Amino acid sequence: MSQDTLVHDDDDGAVDPNLPPDPSRRFWVTTACAVGGVAGVATAVPLVSTFSPSEKARAAGAPVEVDIGDIPVGAMKTVEWRGKPVWIIHRSPEQLAGLKSQDALLADPNSKRPGFTPKYAENEGRSRKPEIFVCVGICTHLGCSPTAHFETGGGGGLGASWQGGFLCPCHGSTFDLAGRVYKNKPAPDNLEVPPYQYLSDTRIIVGVDEDNKA
């Protein structure tokens, strides 16, 4: 697959920031697509741990405390919150630098589309701290689970300008390492950043922030 197929340089696919937000329609579907996506992540990038909260806590939608101190640079940890996979990525300095080169290729580089990015994540890295990125691992198109492709370059038909990110195997939507969607893709929005806060330098809590209390 050529770079032109997956990454475009024109503005035809830009997101209209005036559209009403609808994050509630995004959900983690247990389809072959989603299963394939999770399997792809496991082969693409090290996973530290997955789905540690109890069944009772998940069912209640309780906030989830996560130890991020054990995530190596360049690796990703997955936890479950409200029945959704939440990805926590420890980005390297090189990965952070690569974000700067992608703005012209993205549909919503500044996260102006309402409903998917808290105020504290309205920055280039879409994060409270540059190196740690937290997002809901559900494609904003039809609810599939994208796969991680952290390698740079044109491998897998992603194009020479690829600086690492995520590919939805169902319909080809691509996202950078800040969860920002590329232009002219089926996915209409960036990946959702959930409410979260730091409890310490090595622990966060997902599901709670300034506007969302436990």
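Because the model is predicted, local features were considered only at pLDDT of at least 70 and side-chain atom pairs only at pLDDT 80 or more, whereas totals for chains, interfaces and linings use all residues. Residues are numbered from 1 along each chain as its sequence is written, and side-chain values use heavy atoms, with hydrogens and water left out.

Strand S2, which spans residues 64–67, has a covered face formed by Val64 and Val66 and an uncovered face formed by Glu65 and Asp67; strands (E, at least two residues) and helices (H or I, at least four residues) are DSSP runs numbered from the N terminus. S2 runs antiparallel to strand S10 (residues 203–206), to which it is joined by four bridges, two strands being taken to pair if DSSP finds at least two bridges between them. Within this pairing, Asp67 has Arg203 of S10 as its bridge partner.

Side chains of opposite charge can pair when their charged atoms come close. With a salt bridge defined as a side-chain nitrogen of Lys or Arg within 4 Å of a carboxyl oxygen of Asp or Glu, the count comes to 10 salt bridges. In one of these, Asp189 and Arg113 have their closest N and O atoms 2.8 Å apart; Asp189 lies in the loop between strand S8 (174–176) and strand S9 (196–200), and Arg113 in the loop between helix H4 (93–99) and strand S5 (132–136), so the pair ties together parts that are 76 residues apart in sequence. Asp189 is buried at a relative accessible area of 1%, and Arg113 is likewise buried at 7%, where buried denotes under 20% relative accessible area, exposed over 50% and partly exposed in between (1.4 Å probe, protein chains only).

A salt bridge also joins the side chains of Asp70 and Lys77, with an N to O distance of 2.9 Å; here Asp70 is partly exposed at 38% relative accessibility, whereas Lys77 is buried at 4%.

The largest pocket is lined by 17 residues, of which Pro118, Val193, Pro195, Asp209 and Asn212 lie nearest its centre. A pocket is an open set of points on a 1 Å grid over the protein atoms alone, where a 1.4 Å probe fits, with protein on both sides within 12 Å along at least five of seven lines, and lining residues have an atom within 4 Å of a point.
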